[in-house]
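Please read the following walk through the structure with the model open beside the text, and turn to each place as it comes up.

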Amino acid sequence: MSTRFSGSLMASLGFHFFLALIFLVSVSSAVMSIQPSQSTSLEEHKQIVNAVAISQTELDHEVQTLQAQDNAAKALAAKQARDLATAKANALAAIQEAKTKQAALATEQAAATQKAAAQLADLQAAQKAAAAQLAQTKAQAAATALAAQKQAAQKQAQALAAQQAAAKQALMAQQAAANNLQMQTEVNRYAALMKQAIEAQWTQLPGVDQQRLATVMRVHLASDGTVLSAQNVGSSGNPALDRLALSAVYKASPLPVPSDPQALALMKDIQFNFKDPG
Amino acid sequence: MKRLRIGLLSILMLAAFFQTAFAVLEIEITSGVVRAIPIAVVPFNPADPSNPNDIGRVISNDLGHSGQFQIMAQNRFPQWPHQVDAVSGDLWKSLSLDNLVMGNVTALGNNQIKVDVSLLDLFHSSGSTPAILSQQSYTIPVSQSRALAHHISDLLYEKLTGEKGVFSTHLAYVKVDPIPNSLHKRYYLMISDVDGHNAKPILTSTQPIMSPTWSPDGHSVAYVSFETKLPQIFTSNVATGQRRLISSFAGINGAPAFSPDGRILAVALSMGKTNPNIYLINMGSGSLTQLTHDWSINTEPAWSPDGQSLYFTSDRGGAPQIYRINLSTKQAQRVTYVGSYNASASVLPAGDKLSVLHRDNRGFNVAIYDLQSGTLQVLTRDSFAESPSPAPNGRMIVYSTQAGARRILGMVSSNGQVNIRLPEASGDVQEPAWSPYAG
């Protein structure tokens with residue numbers, strides 16, 4: 001847009017410069033054409049003053065001369081009149097031409113003005129569009145800000161909820177800890193019962209030294225204490241002794257288990273460490 | 001900031017709670033029941049109760065005699081399976097049986113038989129299908145039935161106890177038969193299977209044979225023979241019967257004992273005096289080294305497993321007790337202080353215990369002396385026990401004992417829980433020596 005704008009501006013400037021040039025030329029030629037008529041009337045007045053102190057002959061002569069002069073003056077005046085008329089006509093023509101040119105210039109100026117106005121209008125329209133765009137952007141930003149605010153508020157609410165939940169859980173944990181003591185007592189009781197049950201089934205071979213390493217059995221129990229699976233997760237180094245430990249676990253099945261579901265949950269996966277301390 | 005702290009606190013509390021909740025409970029199992037493994041040996045198909053070489057029966061006897069197995073009586077069997085897929089695991093599990101052995105014998109003609117044997121584990125899982133611990137198939141001449149049965153027993157024993165079995169080892173002993181219508185006797189140096197079967201003499205004499213002992217490689221036996229009416233020490237190759245005279249010094253030549261490397265024979269020699277002392281005879285060079293130098297009776301040398309010292313019986317303290325002499329310092333010190341009579345020591349394989357003949361007010365019995373604690377455990381109640389000799393795994397001790405008017409062989413587990421007697425058709429059986437593992 002700016003290139004188009006500056007293009008027309010340049011054209012208009014060029015045109016004005018050309019107009020100014022035309023004016024200057026026509027004014028100087030008008031001044032030059034008027035000057036000769038002024039100097040002629042000043043010379044005529046001077047000649048009248050000089051003729052006061054002269055004789056008849058001289059007068060006659062003077063009259064003749066004056067007549068000649070008068071004729072000449074008349075001729076001159078006629079010529080001057082003709083010249084003046086010509087000059088006047090010329091001047092009129094020039095004025096006419098200037099007027100025409102001026103009119104043309106005015107037309108062009110009007111056109112240029114119109115164009116400039118159009119350009120201005122364009123500019124204003126563009127400005128208006130820009131303003132509209134700006135307004136839209138501003139509106140969007142405002143919407144975004146509002147959304148962010150809403151989100152922040154939501155987050156805060158969530159944080160609050162989480163806090164409340166955490167507090168609730170903490171309370172539950174506290175309660176659980178309290179229950180835990182009771183449960184632990186139950187677990188300990190059944191751990192002792194399980195130990196008893198398995199030891200009764202654990203065959204230790206006569207004279208075979210128990211290894212220093214323990215046989216470690218990971219045992220999974222059903223809710224009724226039935227041994228679902230037993231896995232050797234640590235070997236004594238003697239497969240035969242490991243097998244006796246495994247047999248002891250399965251022979252002791254079902255193992256005594258607590259009825260309390262929480263205590264039971266703690267005892268469903270158990271590790272038995274078979275190790276002869278002696 | 002305060003809110004954050006509360007949050008953190010509750011998280012920590014939760015973490016603590018879950019840690020207690022999800023840590024796997026551990027229970028220490030510390031004291032089992034010392035007992036033999038309950039096992040059933042189903043008679044092999046076809047079962048032949050009249051055949052003493054019936055493989056299933058030999059295996060059953062072997063395992064039963066070891067002291068590590070409690071053999072289920074056949075009248076308790078819930079079924080008689082011969083194939084693994086015929087086994088009803090639950091039936092046997094309800095009897096608290098750990099393991100089941102079964103097998104088949106197929107005649108192939110040409111005196112060849114095929115023997116299939118399976119060892120099952122019943123309490124290996126929650127299911128009722130038993131696990132196969134071992135499954136073997138052999139083709140042998142029928143005459144090798146007993147040897148194969150002992151081999152299978154070794155395999156089963158090792159599988160179930162983690163220790164090497166001794167069922168393929170042998171015994172050397174002296175058998176004394178009265179000669180009919182005579183006051184004289186006939187003496188036999190006998191070699192038999194460890195269950196007393198397949199006994200055959202490698203030496204016969206009208207004069208006493210005493211103190212047989214095995215070389216560490218199990219190829220030969222050293223013994224005292226009175227065949228010249230005077231005691232001499234010989235070795236005999238068990239397979240070929242080839243003999244070699246080792247010691248024929250004046251007076252007593254007795255109680256030979258091979259060093260663990262087999263190069264030296266420790267003996268008791270009196271060298272023409274009234275009392276024997278301990279000497280070492282180099283089996284290669286024949287050179288002699290005297291270890292004890294006193295006027296008491298010093299006899300029955302027994303090597304420590306590391307070959308660095310000898311245990312022996314001496315009455316230098318007034319009554320027979322066990323002493324130990326360090327072979328580098330030649331210094332002897334008394335070992336046993338329990339009771340008034342401890343003799344005939346052998347060192348158990350771990351080197352931490354001795355088997356001894358112990359006499360108290362109940363008579364002569366086999367005992368285990370713990371070298372670390374200095375305690376003695378009497379294993380037998382025979383009152384007339386003699387010559388204890390431990391198995392190479394130390395789990396059983398063979399000895400001679402009195403049965404009526406005769407002397408027979410007995411075996412006792414080294415914890416005293418199993419005590420059996422090996423029957424002998426005739427005569428007196430004495431001075432048994434348990435062989436090393438078959439080389």
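In which loop of chain B is Ser383(B) found? In this predicted model, Ser383(B) is found in the loop of chain B between strand E26 (376-378) and strand E27 (386-390), and its phi is near 75°, a positive value in a residue other than glycine. Most residues other than glycine have a negative phi, and most peptide bonds are trans. Against that background, two peptide bonds also deserve a look. In chain A, Ser253(A) and Pro254(A) are joined by a cis peptide bond whose omega is about -5°, and Pro254(A) belongs to the loop between helix H3 (239-251) and helix H4 (261-267) of that chain. In chain B, the bond from Asn45(B) to Pro46(B) is likewise cis, with omega near 0°, and Pro46(B) has its place in the loop between strand E3 (37-41) and H2 of chain B.

Rolling a probe the size of a water molecule over the atoms shows where empty space is left. Counting cavities of 30 Å³ or more gives four, and the largest cavity holds about 90 Å³ of space. Helix H2 (residues 55-66) of chain B gives the most to the lining of this largest cavity, with four residues. The lining includes Asn61(B), Asp62(B), His65(B) and Ser66(B), and also Val166(B), Phe167(B), Asp195(B) and Trp434(B). By type, the lining residues divide into six nonpolar, three polar and two charged. Domain 1 (37-161) and domain 2 (170-434) of chain B each supply at least three residues to this lining.

Side chains of opposite charge can pair when their charged atoms come close. Over all chains, the structure holds 13 salt bridges.

How many salt bridges are counted between chain A and chain B? The count there is one, and in it the side chains of Lys251(A) and Asp98(B) meet (2.2 Å, N to O). Around the interface as a whole, 44 residues of chain A are in contact with 40 residues of chain B, and the area buried between the two chains is about 3,900 Å², of which carbon and sulfur atoms give 56%. Within the area that chain A buries against chain B, Pro206(A), Arg243(A) and Lys251(A) supply 16%, more than any other three residues.

Note on methods:
Residues numbered from 1 in each chain as written. Chains lettered and ligands numbered in written order. Predicted model: local features only at pLDDT ≥ 70, side-chain atom pairs only at ≥ 80, totals over all residues. Heavy atoms only, no water. 1 Å grid on protein atoms, 1.4 Å probe; cavity = no way out; pocket = protein on both sides within 12 Å on 5 of 7 lines; lining within 4 Å. Points joined across faces, edges and corners; volume = space filled by probe spheres on them. Helix = DSSP H or I, 4+ residues; strand = E, 2+ residues; numbered from the N terminus. Nonpolar A, V, L, I, M, F, W, Y, C, P; charged D, E, K, R; others polar. Domains from an automatic or database assignment. Contact = heavy atoms within 4.5 Å. Buried area = accessible area lost by both parts, 1.4 Å probe. Salt bridge = Lys/Arg side-chain N within 4 Å of Asp/Glu carboxyl O.
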